[in-house]
Amino acid sequence: MKSKANVKGHPLHPILVTFPIAFFTGTLLFDILSLCYRSWHFWWMGSYLEALGILCGLLAAVPGFIDYLYTVPPKSSGSKRAITHALLNVSMLAFFTIALVLRHYTNTSAAVIIVPEVLGFIVICIAGWLGGTLVYRNQIGVDPRYADAGKWKEMTIHSSDNRVEVCGINDLKANQMKLLHLNGKRIVIARTEDAYVAFDDHCSHKGGSLAGGSMICGTVQCPWHGSQFSVIDGKVKAGPAKAQIETYKTEESNGKVYLVLH
Ligand code: FES
């Protein structure tokens with residue numbers, strides 16, 4: 001599921017979270033060093049890093065919240081995990097903010113101030129672990145399309161003909177797909193290294209959109225659970241899908257590609 005908060009396809013949240021993680025880890029390390037060596041230099045370094053960490057944490061939360069609203073599927077395990085991830089991060093920011101306030105506005109000893117920082121550091125590790133699961137297992141922010149598949153293409157046609165013009169012969173690059181909404185049915189028009197092909201967008205396993213997956217060397221892979229199908233005859237090349245997908249005939253003439261319905 002591609003992130004809505006991205007720069008040229010690169011999701012912003014995973015990039016920005018590296019800063020608070022680094023700054024808060026540095027905070028804890030410098031504060032421990034200042035305790036060990038009784039050094040005010042280390043203590044002030046920890047203080048600056050803590051303030052920067054809070055600032056960057058708030059900044060990183062913005063694309064994270066956008067991803068939660070527009071990328072994480074509602075009522076999914078990813079949604080529950082994302083809420084836990086967000087709550088942990090809010091708690092982590094609260095721990096470091098408490099430490100910063102104690103440090104600057106009270107006479108609390110360094111040994112006590114380190115306590116919320118240690119708690120914040122533990123929480124940031126758990127939140128980071130969940131963030132990793134959200135990316136690598138729930139695929140939040142992952143664009144599963146083949147890197148050279150070109151821009152996303154989509155088109156709606158209403159036609160009662162059996163032979164429908166769907167694109168120009170040079171409109172798609174090799175391994176690029178286009179999602180066609182034809183009279184309410186979702187069909188993928190794709191260009192392999194050899195020819196144009198057409199097949200159902202609906203994965204026979206649990207209905208994942210194949211146009212949002214990747215296609216390489218005549219095989220399309222579903223982005224949901226990885227089933228693979230031949231784009232030539234629709235046969236299953238790898239499960240968990242068991243049933244094949246429907247394929248359609250295409251014709252090329254006068255620089256145009258036509259979809260031929262049965
Ligand atoms: S929905 Fe396509 S593999 Fe599960």
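Residues are numbered from 1 along each chain as its sequence is written, and side-chain values use heavy atoms, with hydrogens and water left out. In this predicted model, local features need pLDDT of at least 70 and side-chain atom pairs count only at pLDDT 80 or more, whereas totals for chains, interfaces and linings use all residues.

The chain is divided into domain 1 (6-136) and domain 2 (153-260), with bounds that come from an automatic or database domain assignment. The centres of the two domains, taken over C-alpha atoms, are separated by 44 Å.

Helices are DSSP runs (H or I, at least four residues) numbered from the N terminus. Helix H5 has 27 residues and reaches 38 Å from its first C-alpha to its last, close to the 39 Å expected at 1.5 Å a residue; the expected span is 1.5 Å times one less than the number of residues. Among the buried residues of H5 are Ile113, Glu117, Val123 and Leu130, where buried means under 20% relative accessible area, exposed over 50% and partly exposed in between (1.4 Å probe, protein chains only). Their cover includes helix H2 (18-37), helix H3 (40-70) and helix H4 (77-105). In H4, the buried residues include His85, Phe96 and Arg103, and the buried residues of this helix pack against helix H1 (12-16), H2, H3 and H5.

Glu117, located in H5 (residues 110-136), counts as buried because its relative accessibility is 0%. Residues that Glu117 touches include Asp31, Glu50 and Phe96, not counting residues up to four places away in sequence; contact means heavy atoms within 4.5 Å. The side chain of Glu117 also makes a polar contact with the side chain of Arg103 (3.0 Å). A polar contact is a pair of N or O atoms within 3.5 Å; within protein, one must be able to donate a hydrogen and the other to accept it, and residues adjacent in sequence count only if both atoms are side-chain atoms.

A search of the whole structure finds five aromatic pairs, defined for rings of Phe, Tyr and Trp (its six-membered ring) with centres within 6.5 Å; planes under 30 degrees apart count as stacked, over 60 as edge-to-face and the rest as tilted. The rings of Phe24 and Phe96 are stacked, because their centres are 3.9 Å apart and their planes are at 15°. This pair links Phe24 in helix H2 with Phe96 in helix H4, 72 residues apart.

Definitions and conventions:
Helices (H or I, at least four residues) and strands (E, at least two) are DSSP runs, numbered from the N terminus.
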